[in-house]
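Dear colleague,

Please find below the structure that I am handing over to you, with its sequence. My findings follow directly after it.

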Amino acid sequence: MSQTFHLQADVSIRRGHVRRRDFLKAIPAAALAAGALSWQDAMIASAADLRRQGKACILLWMQGGPSQFETFSPLPGHANGGETKAIKTAVSGIEISENLPETAKAMEDLCLIRSMTSKEGSHPRASYLMHTGYLPTATVKYPTLGSIVAKEIGDVTSELPSFVRIGINRFGDGAGLLGVDYDPFMVQRAGSPPANTALTTTEPRYQRRLNLLPRLETEFANAGGKQEVSDHQKVYAQAAKMITSPKMATFDLSKESQKARDAYGNEEFGQGCLLARRLIEAGVTFVEVNLGNWDTHRDNFNASRTLCGKLDQPLATLIADLKQRGLLDSTLIVWTGEFGRTPRINPNSGRDHYPRAFNAALAGGGVKGGQVIGQLDAGGESVKDRPVGVADLFRTICHGLSINASKENMSSIGRPIKIVDGGEVVKEVFG
Amino acid sequence: MKRGWNFQAAGCVFALAMMTVSTLASEPAEVAAQADKQLRTEVPFANTTKTSPGRVGDEIFLRRISLDLVGRVPTPEQIVAFVLDPSPNKRDKAVQKLLADSHYGENWGRYWRDVIMYRKTEERAQLIAGPLEDYLVKSMNENKPWSQIATDFITALGSAEDNGAVGLIMAQQGQPEEVTAEVSRIFLGVQIQCAQCHNHPTDRWKREQFHELAAFFPRVSSQIRLMQGQPPETKVVANDEQRGPMFRRPMMMRRIGTPEHYMPDLKDPQSRGTLMTPVFFATGQKVPLGTKDADRRGTLAKWMTATDNPYFAKAFVNRMWSELCGEGFYEPVDDMGPDRHATAPQTLDYLSGQFAASGYDVKWLLRTIMATEMYQLPSAPRRGPEEPAFQAAVAQRLRADQLFDNLLHVLEASEPAGFGGGRGGPYARAGGVRGQFSAAFGYDPSQRRDEIAGSIPQALAMMNAPNFNAAMRGTGRTMLARLLGEIKDDKGLVQELYLKTLAREPSQSEVTTCLLFVKQVGNRTEAFEDILWGLVNSTEFLHRS
């Protein structure tokens with residue numbers, strides 16, 4: 001029921017051959033049939049429901065394919081491990097790379113999956129796969145994780161978008177068949193206002209323009225454009241509400257104390273993590289923060305060390321900060337890239353693409369920390385125990401966010417598409 | 001766009017005759033009249049009087065054809081000249097004039113670029129969006145027959161730089177299954193790929209038939225090489241040698257083609273599968289195993305574009321009709337069957353037959369559809385599923401490039417140059433201002449138009465984009481500053497701004513609203529800046545109605 005009304009609350013539900021006008025016409029009947037609330041009431045009630053649920057997700061996306069050996073699965077003493085050493089973590093028996101000393105201290109909250117496995121070794125296809133759970137096809141545009149989550153558990157009453165993506169993502173996955181309402185809202189650089197959200201006039205004059213606009217629309221509405229005008233005005237109202245909302249200050253990191261900003265480090269990714277925390281706190285449901293350049297075909301060890309330097313403190317701070325604010329239990333953090341890197345070190349001291357065995361890490365959102373899932377063989381070449389496929393990971397994320405992964409959405413030619421096709425929840429993740 | 005339109009009253013008598021007596025008429029008008037007649041036997045007018053609501057006025061007609069053909073609104077001078085032209089065949093003449101304008105090829109070339117690129121499964125294919133667009137723009141302007149364009153795409157070989165038609169194969173990274181799906185979807189309007197993995201639940205195609213079609217493409221591969229400091233190398237190559245892998249597992253990356261296509265064994269995906277002979281499902285024609293790539297694809301192109309293949313002409317007519325009239329005989333436009341049902345199938349058959357007989361002449365078809373009464377009906381909101389079809393034109397949201405060009409055109413601004421500037425299309429983020437604009441406003445043109453929704457980033461771009469707001473100022477070297485100086489009379493300025501942005505005169509109540517607004521604001525420059533902002537942000541500006 002709440003799902004249905006979430007959909008109806010939307011400006012533009014015309015997927016799967018249900019046209020909006022028919023849908024809107026159908027609402028009063030449906031509400032009557034339900035025997036209770038007006039549509040408006042039901043919508044508000046369901047929104048409150050969703051807010052109570054209050055789950056959120058942060059995806060820390062490592063574009064390029066981070067080396068598992070230099071992050072969460074070091075292999076000291078083996079030729080494949082290279083020069084990277086292991087260090088102890090806060091959890092006895094679990095060691096991670098020396099490149100992540102702060103993260104090591106947060107190990108009690110982290111669940112490492114060392115047995116991620118897929119078959120895709122090309123950046124675009126693997127990025128698509130790890131964002132959508134599907135391989136790209138010409139005829140179905142699968143939605144990216146953030147869009148799925150925004151649609152399923154996003155807060156329709158929020159003035160801020162449900163899905164915010166911070167930093168440049170090279171590959172253009174978006175809401176696909178779910179429609180533009182669930183597309184990521186892009187923030188190119190944490191700390192700067194998002195594109196086109198700054199008013200170009202004073203606020204009173206902006207309001208004056210907004211008041212004039214509908215008065216210029218009546219002629220067109222009367223000449224057969226009623227539906228278009230109504231849709232247009234709804235989107236404009238939403239956009240105007242958003243940019244004039246006090247919540248826009250969420251994007252302004254200068255509102256944070258210097259101490260808080262320093263805790264996240266002064267690199268862009270760290271500031272992105274800080275913004276992610278602020279957004280989640282302000283009611284955003286899904287935030288994706290990008291850290292790129294993990295494609296270490298050359299000079300893997302130095303490059304990975306530098307990248308881990310950008311990752312380590314922000315990740316540890318994010319976990320601690322959410323915990324301190326009481327948000328960690330309801331916020332699932334997912335760390336991953338599109339694949340891992342070859343056990344064999346190439347002649348350029350680099351590692352190449354390796355989807356057969358790689359890492360993901362989860363924290364918060366009911367995840368049982370301080371554990372490792374999966375085991376590799378001695379050389380880190382293949383999964384010896386508990387392989388976790390992409391669909392398994394997606395099912396697990398959905399489970400953590402109380403999303404029914406078997407729910408079907410319709411493609412534009414009326415083909416039902418499951419949120420996740422196949423796979424099983426990795427139950428141990430939740431203890 | 002500083003063209004003059006010399007509408008002459010010449011040919012009046014002939015034109016009058018054309019409107020009434022079909023025997024004297026030129027072919028498009030004749031076919032259009034017949035199509036209208038056929039359409040009304042299939043879908044009569046359902047209003048209370050059971051009669052046609054008539055054709056739209058000159059202003060709306062001119063805006064409609066201008067947006068549909070050259071992707072931008074007419075200038076005030078063009079509107080005035082057209083409205084005052086007494087010639088009875090001025091509508092057809094205006095259509096022909098626009099068909100001869102080079103913006104026509106640009107507008108439709110970009111449309112087809114989007115049809116292909118919105119379905120790309122290879123992100124790096126964005127690199128060849130430019131050459132693909134160039135090929136299409138040129139082909140459209142030359143009025144290359146649609147059959148020739150299809151043939152160019154199906155048989156494409158070589159580097160993108162030399163041959164933009166490799167774009168379709170490259171967008172699908174040369175994967176035979178994906179290329180097959182796209183060729184069938186775009187040129188035949190048949191989504192046979194649904195039978196790729198299993199027999200299709202609603203269509204009668206069998207899995208074998210899909211893979212028999214894929215068997216025309218196994219020898220092709222797409223190669224993209226990115227080397228630091230050098231331009232990317234992008235090409236489609238064919239492999240007729242018996243070297244390299246003999247087969248590949250499903251979805252495996254392929255760098256070089258294989259001699260034959262195998263249908264994967266669903267129970268054992270790692271095995272070789274079943275060897276497939278190339279067969280064209282629509283006609284049952286086949287080529288033997290071992291046929292060279294050029295013969296395979298060349299033969300397929302010949303069979304696909306032959307007049308005895310009913311799907312080819314219908315797919316194109318259905319798509320163009322849908323773009324121009326707001327609703328297709330089949331929807332979505334690229335999903336025609338065989339077990340889907342058309343609204344007014346005989347009208348589609350008739351027009352498709354005529355289109356094939358014209359030698360797949362694209363400009364002829366556009367001219368014909370634009371001459372129909374159906375095309376020239378007034379707009380109404382999109383009908384509900386229970387309401388009868390084809391009672392009115394339906395407003396269409398402008399495509400990203402059309403909207404962008406209109407903004408530049410109306411505001412008399414020039415396109416900012418820069419890295420990658422001038423290229424739109426999906427995900428063209430790095431491509432300068434147009435690219436950013438496309439990222440926000442672009443949509444897949446094969447999608448049902450009532451599924452395309454406006455978005456918050458779009459509203460924000462229209463309301464607040466700094467470059468467009470700067471161009472809307474009433475001071476400095478802008479269009480508005482010039483008009484504020486030239487036209488001292490407020491009413492005259494309101495009229496001019498309406499003509500410029502919406503290509504029509506304002507109604508009396510609109511004039512009153514605007515004049516009252518100017519008075520309330522008390523600052524002429526500011527007030528007209530606000531009015532211009534309002535017109536550009538209106539629903540009407542974003543739509544072709």
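Chain B contains 24 helices and seven strands. Please bear in mind throughout that this is a predicted model.

**The two chains in outline**

Of the 545 residues in chain B, 54% are buried. Among its contacts between residues at least 6 apart in sequence, 65% join residues at least 24 apart. Chain A has 12 helices and 16 strands. Its 431 residues include 52% that count as buried, and residues 24 or more positions apart account for 71% of its contacts with a separation of 6 or more.

**The interface**

Where the chains meet, 58 residues of chain B are in contact with 53 residues of chain A. On the chain B side, at least two residues each are supplied by helix 10 (176–188), helix 18 (456–464), helix 19 (466–471), helix 22 (508–521), helix 23 (524–536) and helix 24 (539–542). Helix 18 of chain B gives the largest share of that side, namely six residues. By residue type, the side of chain B that touches chain A divides into 24 nonpolar, 19 polar and 15 charged residues.

**Two helices of chain B**

Helix 4 of chain B covers residues 76–84, and its buried residues are B:Gln78, B:Ile79 and B:Phe82. Viewed down the axis of helix 4 of chain B, these buried residues fall within an arc of 100°, so they line one face of the helix. That arrangement may be read against a general rule: an α-helix has 3.6 residues a turn, so residues three or four places apart point the same way. The packing partners of the buried residues of helix 4 are helix 3 (58–70), helix 5 (90–99) and helix 21 (490–502) of chain B.

Helix 6 of chain B (residues 102–117) is mostly covered, with 13 of its 16 residues buried. Its length can also be checked: at 1.5 Å a residue, the 16 residues of helix 6 should span 22 Å, and the end C-alpha atoms are 22 Å apart, which agrees.

**The sheet of eight strands in chain A**

In chain A, eight strands form an open sheet in the order 6-5-7-1-8-11-4-12, and the pairing is mixed. Strand 6 (185–187) and strand 12 (371–373) of chain A stand at the edges with a single partner strand each, so one side of each is left without a neighbour in the sheet. From one strand to the next, the twist averages 20°.

Within strand 6 of chain A, A:Met186 is the residue opposite A:Arg165.

Which residues of strand 8 of chain A point one way, and which the other way? A:Thr331, A:Ile333, A:Trp335 and A:Gly337 point one way, A:Leu332, A:Val334 and A:Thr336 point the other way, and all are buried. Strand 8 of chain A, residues 331–337, is accordingly described as mostly covered, with seven of its seven residues buried.

Chain B has an open sheet of three strands in the order 1-3-2, with antiparallel pairing. Strand 1 (158–159) and strand 2 (220–225) of chain B are the edge strands, each pairing on one side only. Six bridges join strand 2 of chain B to strand 3 (residues 233–238) of chain B, and the two run antiparallel. B:Val220 has B:Ala238 in strand 3 of chain B as its bridge partner.

**A loop residue in chain A**

A:Pro76 is located in the loop between strand 1 and strand 2 (86–88) of chain A. Is A:Pro76 buried or partly exposed? A:Pro76 has 15 C-beta neighbours inside 10 Å and therefore counts as partly exposed. Leaving aside residues up to four places away in sequence, A:Pro76 touches A:Gly81, A:Lys85 and A:Ala86. A:Pro76 and A:Ser97, 21 residues apart in sequence, are 9.2 Å apart in space, C-alpha to C-alpha.

With kind regards

How values were computed
Residues are numbered from 1 along each chain as its sequence is written. Chains are lettered from A and ligands numbered from 1 in the order in which they are written. This is a predicted model: local features need pLDDT of at least 70, side-chain atom pairs count only at pLDDT 80 or more; totals for chains, interfaces and linings use all residues. Two residues are in contact if their C-beta atoms, placed from the backbone, lie within 7 Å. Helices (H or I, at least four residues) and strands (E, at least two) are DSSP runs, numbered from the N terminus. Ala, Val, Leu, Ile, Met, Phe, Trp, Tyr, Cys and Pro count as nonpolar, Asp, Glu, Lys and Arg as charged, and the others, Gly among them, as polar. A residue is buried if 20 or more other C-beta atoms lie within 10 Å of its own, exposed if 12 or fewer, and partly exposed in between; C-beta atoms are placed from the backbone. The arc is that of the directions from the helix axis to the C-beta atoms. The expected span of a helix is 1.5 Å times one less than its number of residues. Two strands pair if DSSP finds at least two bridges between them. Axes are lines fitted to C-alpha atoms, for helices over the stretch in contact, and angles run from 0 to 180 degrees between N-to-C directions.
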